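This report is meant for a reader who is seeing the structure for the first time.

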Amino acid sequence: MAEDLAGAVAALDPREVVAPVPRRLFGSFVEHMGRCVYTGIYEPGHPTAGPDGFRGDVLDLVSELGVTLVRYPGGNFVSGYRWEDGVGPVEERPTRLNLAWRTTEPNTFGLGEFMSWARRAGVEPMLAVNLGTRGIAEALDLVEYCNHPGGTTLSDLRAAHGDPEPYGVRMWCLGNEMDGPWQLGHRTPQEYARLATETARALRQVDAGLELVACGSSGRAMPTFGQWEEAVLEASYDLVDQISAHAYYEIDGDDLASFLASSVDIDAFVSDVVAVADRVGDKLGSDKRIMISFDEWNVWYLKRHMGSPAVEGWPVVARVSEDDFTVADAVVVGSLLVTLLRRSDRVAAACLAQLVNAIGAIRTEPGGPAWRQSIFHPFAQAAGLARGEVLRVDVRAPLVATSRYGDVPAVDLVATWNGGSAGSSGSDGDAGLRVFAVNRSVDAALPLQVDVDRFGPLRLHAATVLADADPFAVNTREQPDRVRPVPLEGAVLDGGTLRATLPPVSWTVLDLRPVPVDPAAG
Ligand code: AHR
């Protein structure tokens, strides 16, 4: 029976550990889509760009965003891509059709540029091979070009292109969304299962240390969902490490309540994939556990995208899916992060799709400024502050009614603890207990009370909230900081109890630090 609660209550315990915070959970995605690359991360001649053409203002924002891993070059784009087009002297590179996004691909930015951008940005690269229009041979060539130290035609070519040291790329996607009929070369579950298995087997002969991600479903509503994962994993279980999952959410009409509860779906998505993967593992008698790479997730105004006129005339640069994200979108992104963290025992990596302009957390104008979208903030705060271990937390909260998911708790939260044993000295600058919370009620401010008594002496270092009287407020070129976190008034640590009031449609971060132990005190 539902409790009649006036507010949300939770108790935290440092011993209740889900998993170490996976740093790869704070990944993102750069695809040759719209203006993600051209006039996004790469714009020769921009006032902030150096000789390499990388926009300095975007690099600064990527660093502030705290991204750890970046997937490249697609996405749908990769299924028609020839990686060789994007290496070597730029003036010799071919110009091709980008069939996924109906633009012309000049190939002035390719693999070598991406690797040097990734080094500048301090992120781990995650590459995808084309299993749509190409196959095992081209994937083998790409891995050899990237990771073989030297002494072969392809590895020496990399050196001749200016990179004598192997790239050492660990994470590789075996194609992209091969279950989707929109994908160039899309397959049946059995066809893809065989192709992924044989590609994985072959790639491991070049580099045994690769971490391979098989394509899972491109959405939980796909007709082959479940059956696809089962077929793929039955064939490839011993050869792959992760299976991918992709999920995008958007508001349906004016149903804000259901939209704010979108994390119910991503949580069920993780449970479903884990159930299939473990069933296959058990059937095969394997102790190995397949992890999930949630390598595309975000809010995406997909209906608007599908309804907008097709890009005409094959331009190099087109504005595709440049969504202006709202306060509500930021709260949904925050709640999706809460869920991904909470499921980090099985979600090893995740990529916010995408990084710049196309569905991007960062927006740019060609020749002009770059600014933070609303969704930038929950991501940056979680990436910057989630450290140590994710804690299991049981939240009790008033319920909100949604037409899509039934009654859901209005407040959801997750906590991370980086402090070693209770009562640690707190000398580590990253040490602390962090609580990330969303209030999904469309109209009610709710008190939150969290028992933090088991962590030794703590102090409330900072409390911030992202909320607005208008849940549809956005950041624009003219008002780039309209939506951002501000100090949360009234948050207190009262003995071992943390208290705060969460406004409706809000994302809150509570940052508690250990009180340093005075060694002189007896
Ligand atoms: O991120 C945008 C697109 O969404 C990707 O290209 C594709 O993989 C997915 O359908």
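## A residue in a loop

Ala-473 touches Phe-325, Thr-326, Val-327, Asp-468, Arg-482 and Val-483, when residues up to four places away in sequence are not counted; contact here means heavy atoms within 4.5 Å. The residue lies in the loop between strand S22 (458-466) and strand S23 (486-487), where helices (H or I, at least four residues) and strands (E, at least two) are DSSP runs, numbered from the N terminus. Ala-473 counts as buried because its relative accessibility is 4%, and the cut-offs are under 20% relative accessible area for buried, over 50% for exposed, and partly exposed in between, with a 1.4 Å probe and protein chains only. Between the C-alpha atoms of Ala-473 and Val-486, which are 13 residues apart along the chain, the separation is 15 Å.

The model is predicted, so that local features need pLDDT of at least 70 and side-chain atom pairs count only at pLDDT 80 or more, while totals for chains, interfaces and linings use all residues. Residues are numbered from 1 along each chain as its sequence is written, and side-chain values use heavy atoms, with hydrogens and water left out.

## The nonpolar cores

In soluble globular proteins, nonpolar side chains tend to be buried together. A nonpolar core is a set of buried Ala, Val, Leu, Ile, Met, Phe, Trp, Tyr and Cys residues joined through side-chain atoms within 4.5 Å. The largest nonpolar core has 130 residues, and among these Trp-117, Phe-294 and Trp-297 touch the most other members. Helix H10 (residues 327-342) gives the most to this core, with 11 residues. At least three residues of the core come from each of domain 1 (2-12 + 390-521) and domain 2 (22-385), the bounds being those of an automatic or database domain assignment.

Apart from its neighbours within four places in sequence, Trp-297 is in contact with several residues, including Val-333, Leu-336, Leu-337 and Leu-340, and also Ala-350, Cys-351, Leu-352 and Ala-353. A second, separate core of 33 residues includes Ala-10, Leu-488, Ala-491 and Leu-510.

## Cavities and a pocket

Rolling a probe the size of a water molecule over the atoms shows where empty space is left. On a 1 Å grid over the protein atoms alone, a cavity is a set of points where a 1.4 Å probe fits but cannot get out, and a pocket is an open set with protein on both sides within 12 Å along at least five of seven lines; lining residues have an atom within 4 Å of a point. Grid points are joined across faces, edges and corners, and a volume is the space filled by probe spheres set on the points.

The structure holds 2 cavities of 30 Å³ or more. The largest cavity has a volume of about 140 Å³, and of the 15 residues that line it, Tyr-81, Trp-83, Ala-128, Val-129 and Leu-142 lie nearest its centre. Strand S7 (124-129) and helix H3 (136-147) each supply at least two residues of this lining. The second largest cavity, of about 50 Å³, has among its lining residues His-32, Met-33, Gly-34 and Tyr-38, and strand S6 (residues 103-105) provides the largest share of that lining, 3 residues. The second largest pocket holds about 240 Å³ of space; of its 16 lining residues, the closest to its centre are Gly-80, Tyr-81, Arg-82, Arg-96 and Leu-97.

## Points of the backbone

A cis peptide bond, with omega about 0 degrees, joins Tyr-72 and Pro-73, and Pro-73 is found in the loop between strand S4 (69-72) and S5. The peptide bond from Ala-353 to Gln-354 is also cis, with omega near 5 degrees, and Gln-354 has its place in the loop between strand S12 (347-352) and strand S13 (362-364).

Asn-357, found in the loop between S12 and S13, has a phi near 60 degrees, a positive value in a residue other than glycine, and it is buried, with a relative accessible area of 0%. Ser-321, in the loop between helix H9 (302-307) and H10, is in contact with Asn-357 as well as with Met-33, Trp-300, His-305, Ala-358 and Ile-359, leaving aside neighbours within four places in sequence.
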